[in-house]
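Let's take a walk through this model, starting with its aromatic rings and ending at its surface.

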Amino acid sequence: MTAAPAPFSARHIGPSVNDVRAMLAAIGVPSVETLISQAVPKSIRLDRPLDLPAPASEAEALAELSAMMAKNTVLKSFIGAGYHGVFVPPVIQRNLFENPAWYTAYTPYQAEISQGRLEMLFNFQTLVTELTGLPVASASLLDEATAVAEAVGIALRHHRDKRTKVALAGTPHPQTLDVVRTRAEPLGIEVDGETIDDNTAALLVSWPDTLGVYGDHKAAIEKARAAGALVVFIADPLALTLTDEEPVFAIDYTIAQAWWMKPFMKLARALPLNPAKPMSTRTLIKIVQGGDPLVIFPEGRITVTGGLMKVYDGAAMVADKTGSMVVPVRIEGLEKSYFSRLTSQHVRHRLFPKVKVTILEPVKLEVPQELKGRQRRAAAGSALYQVMSDLVFRTQNIDKTVLQKIIETAHERGMKELAVQDPVTGSLSYGKLLTAAAVLGEKFEHLYAGQETLGIMLPNANGSCATLLGVMSAGKVPAMINFTAGAANILSACKAAEVKTVLTSRAFVEQAKLGPVIEEIGRSVDIVWLDDLRATIGLKDKLLGLLRKTTPRVARKADDPAAILFTSGSEGTPKGVVLTHRNILANAAQAASRIDFHSGDKVFNVLPIFHSFGMTAGTVLPLISGVPVYFYPSPLHYRIVPELIYGSNATIIFGTDTFLAGYARTAHPYDFRSVRYCFA
C-alpha cells in the first residue's frame, strides 16, 4: 500500500513492457525499432528525434494558449453567415465543452459511454419538434453544412440515386453550399439554380438565407412536392419561432400617395392611414381583433431627427383596446443611407450602411383599469412612449469604455468634425481632441506608472476635456476635484481616493485666485502644472499621438472604474462615488433615449466638469453623440454667458435655477433665439 504507484503514462497509455516482449516474440522481431524499419519505407522515415518542446500539464497548456490568444487583436468581426457571438455560461463550458468524458465519446449508440451526448441529442430533437410542429424529427450535433449534406444524401437514396439535381430556394451560407457541392460532384449531382422538375431529388430552402432575408418560398415548396422531391429546410431555430402570417403595415396616407411608393405598396399588405383621424384607430383595432399581426410606426412617420419623436396615442389605444402584446422593434442603419430623411447635419451618409434590427421581448401596456376616455388614451400613449424610450435605451451599446465610445463616434461622424470649443483656445475637432488625449495619455502612463488615480482640478475648457480623456487613455482613474470646496475638503477627497498627484494649470489658478489653496494642498500631494508638461511635448510626441489617436494607451473594460466624483462637503467630509465606464455611458444613454438631439445641435456647458451633470450630460453625452460642446469656465458671469450663447448658436444649455435666473435678468430677448432645450 505504501509502494509508489506507477506513473500515469504507464497506467493509461499503451501496453506494458511484458506485453511488448510477448508481441515481438510472436511475430519474430527482436525490437520495436526493427519492426518500424521493416514496415515503414526508408524514404519516409525520420532518422532523428522530433523537435518537440517538453510536455506540459493541462494547466500549463491552457495558460500558454491563453497568453498566445491574448495577443490577438479583433480589428473586424466576421461573425455571421450561420455563426453567432454567444455567451457560454462557465458551468456549460467546463462540464460540457471542456469535459473529455462528454466530447470525446463520439459513439452515440452506446449509452453507457456517451450518456451526455445522447441526452443532448434528445434535447435538441425535442426542440426541433416543438418549433416545427412535426411529429418526428431526426437530430444531429453536426455542423450545419455537414447536416445539410447528409440530408441531400437521404434524398438521393430515397429516389434510389435516379435523380441528379438539387434545387435551391434562397441563397445558402457559402460554407453550406461548398460542402454540399463537394459531396455531390463525385456522384454527378448538379447543385444549382431554382429549376424544379422530375429530375430534382431535393429542394434546399434557406430560411433565413445568408443575406438575412426571410423569403416566401411556398410556391417553390409546392412545386417540389408535386415533382416528388424532398424538401430540406435549412433554418435557424430562432427563425422557426417567427410567424409565417403576413402582417399588415400601417403607413402614412400622404407617403402612400407618392409615386415612388406605389410599387412598394404591392409587395406587402399596406394600409394607408391618417393618424389625425379617429376612424384610423378603429380600423386598426378591427384588423388586430381579426387575428392579423399589425406593424405600426407609433411616431406616425419615419424619423427626421434620428431619435425618438412624438408617439401617437392611437397606436397605444390599439394595443390597449385589443389587449395585444407589443413587440418593440428598432431598425438602425437605414438612416445613414442616401434615401433617408436625415440630412448631412444629422448623419454621415454612405452607400451600403450596416443595418441592425433589434427585437425585444413582447410587453403589455400597463394602464390603470379605472381610467376612462381621454385620461385612458393619454395614459396608454404615455405607457407606449415609455416602451419605445426603453427600446432606445436598451439598444445603446454601453459595453465599452467612454474613450472607446468617443473614438467610435469620431469614426462615425468624421475626425474633422467639431468636438469642443472654448473662448480661450478656440475649436478642436475630434481628430485634434483625440490626438491631444493620446499625447497626454502617453505622458501620464510613464510619469505616474505606480499611481492608479490622478486628481484633475481644472475649469471647463478644451484642455480639461483632453486631460480627462488622456488620464482614461493611460488606464488611470481621474478624480474630479471640486476646487470650490476649500483646501481641507480637497485634501479629504484626495485621501479618500488615494490621490498622490493633482493636475492643474497655472493660468487657471491665477485667474481663480486659488494660490493659497494650492499652497496648502501642495504640502500633502504633488501638484503638476500642465503648462510645464505641455512644454515637454515635442514633434515626435505629436506625431505618435496622431498615429495612436484611435487606440487607448492601456486597454480597459466597461466595468472598470472610469472616474471619481465627490460631494461638495457642505454637509461634512466629501463623499466619493466611483463610476464605471458602463455607469457613465448608461446615464448618457438614458438621456439620449428622452432627448431628440443630433450633430446639428450645440451644447453650451457652464456646469463644472467635476459636477456629475456637467461631466456626464454636459461633456460625455454630446461627445459620444456627435454634438459639439462649448465650454465656459464660470457660470457666474451673468452678462457674458447669454452673449456667448447667442454668438455660438447653442441649442442646448445646462444650468441651475440660480444661474438661469441670473442670465434671464441680464440677457437680451434675442440671445436665446437658437435654444431648443434648457436643462436645470
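**Rings and a patch**

F654 is buried, with a relative accessible area of 6% (buried is under 20%, exposed over 50%, partly exposed in between, with a 1.4 Å probe and protein chains only). Before going on: this is a predicted model, where local features need pLDDT of at least 70, side-chain atom pairs count only at pLDDT 80 or more, and totals for chains, interfaces and linings use all residues. Residues are numbered from 1 along each chain as its sequence is written, and side-chain values use heavy atoms, leaving out hydrogens and water.

F654 also belongs to an aromatic cluster with F613, Y677 and F679. Overall, the structure holds nine aromatic pairs (rings of Phe, Tyr and Trp, the latter by its six-membered ring, with centres within 6.5 Å; planes under 30 degrees apart are stacked, over 60 edge-to-face, the rest tilted). Take F483 and F610: their ring centres are 5.2 Å apart and their planes sit at 90 degrees, so this pair is edge-to-face. F483 lies in the loop between β13 and α19, F610 in the loop between β18 and α25, 127 residues apart (helices, H or I, have at least four residues and strands, E, at least two, as DSSP runs numbered from the N terminus). F483 counts as buried at 13% relative accessibility, and F610 counts as buried at 11%.

Now the surface: V327, V329, I331, L334, V355, V357 and I359 form a nonpolar patch there (over 30% relative accessible area, no salt bridge, nonpolar side chains Val, Leu, Ile, Met, Phe, Trp and Tyr joined within 5 Å, like charges within 9 Å; a salt bridge is a Lys or Arg side-chain nitrogen within 4 Å of an Asp or Glu carboxyl oxygen). Strands β8 and β9 each give two or more residues to the patch. I331, in strand β8, is partly exposed at 45%.

Notes: Accessible areas come from the Shrake-Rupley method with a 1.4 Å probe; for residues, only the protein chains shown count as cover.
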